[in-house]
Amino acid sequence: STAINKRMMVKHCALLATLALSANQAQAWSFNQPNNNNNPASATVESSAAVKPLALFPAQAASAKTGAASPFTGDYDDPNHPDCLRQVKVVGAPMRGDGTRSAFPVLEVVGYDGNGSNGKVCTEPPASRADLWKVSGTVKSTNTAVIDFSPKGGPANLAAKFEDGGIVFPDGNKWVKIAPGTTDVSARRPKDMSTL
């Protein structure tokens with residue numbers, strides 16, 4: 001039984017190595033079995049090169065990054081709402097019912113429009129999370145996205161482009177990205193929260 005499990009594991013590892021090598025994803029594989037344990041489940045696979053996941057849609061998936069790797073992720077200054085919260089996060093697309101994901105990440109925008117003159121200037125942070133609005137969209141490439149502002153009464157498919165350090169919209173409005181550490185963005189968030 002142990003010999004059969006070891007053979008199956010070697011076959012599976014060989015198949016994975018063949019796939020990785022054929023995709024030029026890894027080199028110099030070695031299969032190591034610890035000497036102090038005869039459990040085949042404890043075998044390890046090592047590589048001298050970093051193994052990268054195989055992308056089903058390489059052109060789109062490779063260019064649309066998530067998290068801090070996305071140029072969209074960060075806090076912004078919106079000239080139409082001075083000193084108000086504008087935070088953008090790019091996260092992986094949700095899992096579908098069939099177990100797959102879209103190659104296009106989700107862009108989430110959280111904001112606050114102000115409590116000052118005309119409700120467009122922030123003179124103090126929002127009182128609670130309930131005061132914030134949230135919209136989302138889809139990142140289409142490294143620097144393009146489509147955002148649904150309809151929950152705020154805006155357009156459902158507003159094009160957005162990251163260029164020259166900010167997000168530019170078709171009407172000419174540009175949200176300028178705040179460099180980390182240059183502005184106290186925590187002052188723009190609800191008082192009881194340090195991050196969103």
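This report describes the strands, nonpolar cores and salt bridges of one protein structure.

The structure is a predicted model, in which local features need pLDDT of at least 70, side-chain atom pairs count only at pLDDT 80 or more, and totals for chains, interfaces and linings use all residues. Residues are numbered from 1 along each chain as its sequence is written, and side-chain values use heavy atoms, with hydrogens and water left out.

**The barrel**

Eight strands form a closed barrel in the order 3-4-5-6-7-8-9-10, with antiparallel pairing. From one strand to the next, the twist averages 30 degrees, an angle taken on a scale from 0 to 180 degrees between N-to-C directions of axes fitted to C-alpha atoms. Strands are DSSP runs (E, at least two residues), numbered from the N terminus, and two of them pair if DSSP finds at least two bridges between them.

Strand 7 and strand 8 run antiparallel and are joined by four bridges; here Ala-145 stands opposite Ala-160 in strand 8. Strand 8 is joined to strand 9 by three bridges, and Glu-163 has Gly-166 in strand 9 as its bridge partner. These two strands form a hairpin with two residues between them, and Asp-164 in the turn has a positive phi of about 50 degrees. Strand 9 (residues 166-168) in turn runs antiparallel to strand 10 (residues 174-177), again with three bridges. Ile-167 stands opposite Trp-175 in strand 10.

**The cores**

In a regular strand the side chains alternate between the two faces of the sheet. Buried means under 20% relative accessible area, exposed over 50%, and partly exposed in between (1.4 Å probe, protein chains only).

A nonpolar core is a set of buried Ala, Val, Leu, Ile, Met, Phe, Trp, Tyr and Cys residues joined through side-chain atoms within 4.5 Å. The largest has 19 residues; among those touching the most other members are Ile-167 and Trp-175. A second, separate core of six residues includes Leu-85 and Cys-122.

**Salt bridges**

The whole structure holds seven salt bridges (a side-chain nitrogen of Lys or Arg within 4 Å of a carboxyl oxygen of Asp or Glu). Three of them are listed here.

| Pair | N to O distance |
|---|---|
| Asp-77 and Arg-188 | 2.5 Å |
| Asp-113 and Lys-152 | 2.6 Å |
| Glu-163 and Lys-161 | 3.9 Å |

Asp-77 in strand 3 and Arg-188 in the segment after strand 10 lie 111 residues apart. Asp-77 is partly exposed at 29%, whereas Arg-188 is buried at 8% relative accessibility. Asp-113 and Lys-152 belong to a salt-bridge network with Asp-78 and Arg-86.
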